[in-house]
Amino acid sequence: MVALPNYDTGGKQYLSYKANSEGWYLAGEEIEGAATKKLYADPESLQTGFGRWPQGGEAPEFKWSEVPGSREEKPEADDSGKWLPAFGVDIYVNKKDGWNMTGWVRWETHTAGAWASFSKVWGNVSKQEGKNAGKVAEIKIGKWSKIKYKNGNTSKLLDLQLVGWSDKPDSEDDVTDF
């Protein structure tokens, strides 16, 4: 994999999913009426590390590993909050797959539900990435399931399944209007 410690989003909008509402969000706005079936992830854009929510309602802060997937030491918590495992990856969404837009977005998060959902599918993506260089992973979006963690907290996991590989869509198709 390619290390991307200072990844430039190039103006891409940020994609997120919120487990509690079972909804997808783009640039903080809920994607209304999205009957999402599939997304396309670019393995070459993967970043892993740690993220946290600073106090005062600011945007999340991330510290990325130099080599994605490497086990680096977790930063110590301070007055600005606790660091949690995080990932970031470029995602291509398409109207034909149930999204209400088409183009590239960036999914960066350190939420437990997203991390657990993404980690499950990414193991399969990593195993097949070498023989699919330059392609994007086709990931089917399944149903939600509830999980209870050892500490008693609960979350909802999204069932993500690798279903194939496709040629990478043009990088100029960034979602800027939705």
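Strand E4 gives the most to the lining of the second largest pocket, with 3 residues. Strands (E, at least two residues) and helices (H or I, at least four) are DSSP runs, numbered from the N terminus. The model is predicted: local features need pLDDT of at least 70, side-chain atom pairs count only at pLDDT 80 or more, and totals for chains, interfaces and linings use all residues. Residues are numbered from 1 along each chain as its sequence is written, and side-chain values use heavy atoms, with hydrogens and water left out.

**Pockets**

Thr-48, Gly-49, Phe-50, Ser-65, Gly-69, Ser-70, Arg-71, Glu-72, Pro-85 and Trp-115 line the second largest pocket. A pocket is found on a 1 Å grid over the protein atoms alone, as an open set of points where a 1.4 Å probe fits, with protein on both sides within 12 Å along at least five of seven lines; lining residues have an atom within 4 Å of a point. Grid points are joined across faces, edges and corners, and a volume is the space filled by probe spheres set on the points.

The largest pocket has a volume of about 780 Å³. Its lining has 32 residues, and those closest to the centre are Trp-53, Thr-109, His-110, Thr-111 and Ala-112. E1, E6, E7, H1 and E9 each supply at least two residues of this lining.

| Pocket | Volume | Lining by class |
|---|---|---|
| Largest pocket | about 780 Å³ | 17 nonpolar, 11 polar and 4 charged residues |
| Second largest pocket | about 260 Å³ | 3 nonpolar, 5 polar and 2 charged residues |

In these classes, Ala, Val, Leu, Ile, Met, Phe, Trp, Tyr, Cys and Pro count as nonpolar, Asp, Glu, Lys and Arg as charged, and the others, Gly among them, as polar.

**The chain and its helix**

The protein chain has 1 helix and 9 strands. Along the sequence the pattern is β-β-β-β-β-β-β-α-β-β. Of the 178 residues, 43% are buried. Buried means under 20% relative accessible area, exposed over 50%, and partly exposed in between (1.4 Å probe, protein chains only). Among contacts with a separation of 6 or more, 67% join residues 24 or more positions apart. A contact means heavy atoms within 4.5 Å.

How does the span of H1 compare with expectation? Its 18 residues, 112-129, should span 26 Å at 1.5 Å a residue, and the end C-alpha atoms are 25 Å apart, which agrees. The expected span is 1.5 Å times one less than the number of residues. H1 has a kink of about 30°, centred on Trp-122. The bend at a residue is the angle between axes fitted to the seven residues ending there and the seven starting there.

Trp-122 is also buried, as are Gly-113, Ala-114, Ala-116, Ser-117, Phe-118, Val-121, Val-125 and Glu-129 of H1. The buried residues of H1 pack against strands E1 (13-18), E4 (38-52), E6 (84-93), E7 (103-109), E8 (135-148) and E9 (154-167).

Asp-90 lies in strand E6. Asp-90 counts as buried because its relative accessibility is 5%. Asp-90 and Ala-41 are 49 residues apart in sequence, yet 6.0 Å apart in space, C-alpha to C-alpha.

Glu-30 belongs to strand E3, residues 29-30. Glu-30 is partly exposed, at a relative accessible area of 39%. Not counting residues up to four places away in sequence, Glu-30 touches Trp-24 and Tyr-25. Tyr-17 is 13 residues from Glu-30 in sequence and 9.0 Å away in space, C-alpha to C-alpha.

Glu-73 sits in the loop between strand E5 (61-64) and E6. Is Glu-73 buried or exposed? Glu-73 counts as exposed because its relative accessibility is 74%. Its C-alpha atom is 9.3 Å from that of Gly-49, 24 residues apart along the chain.
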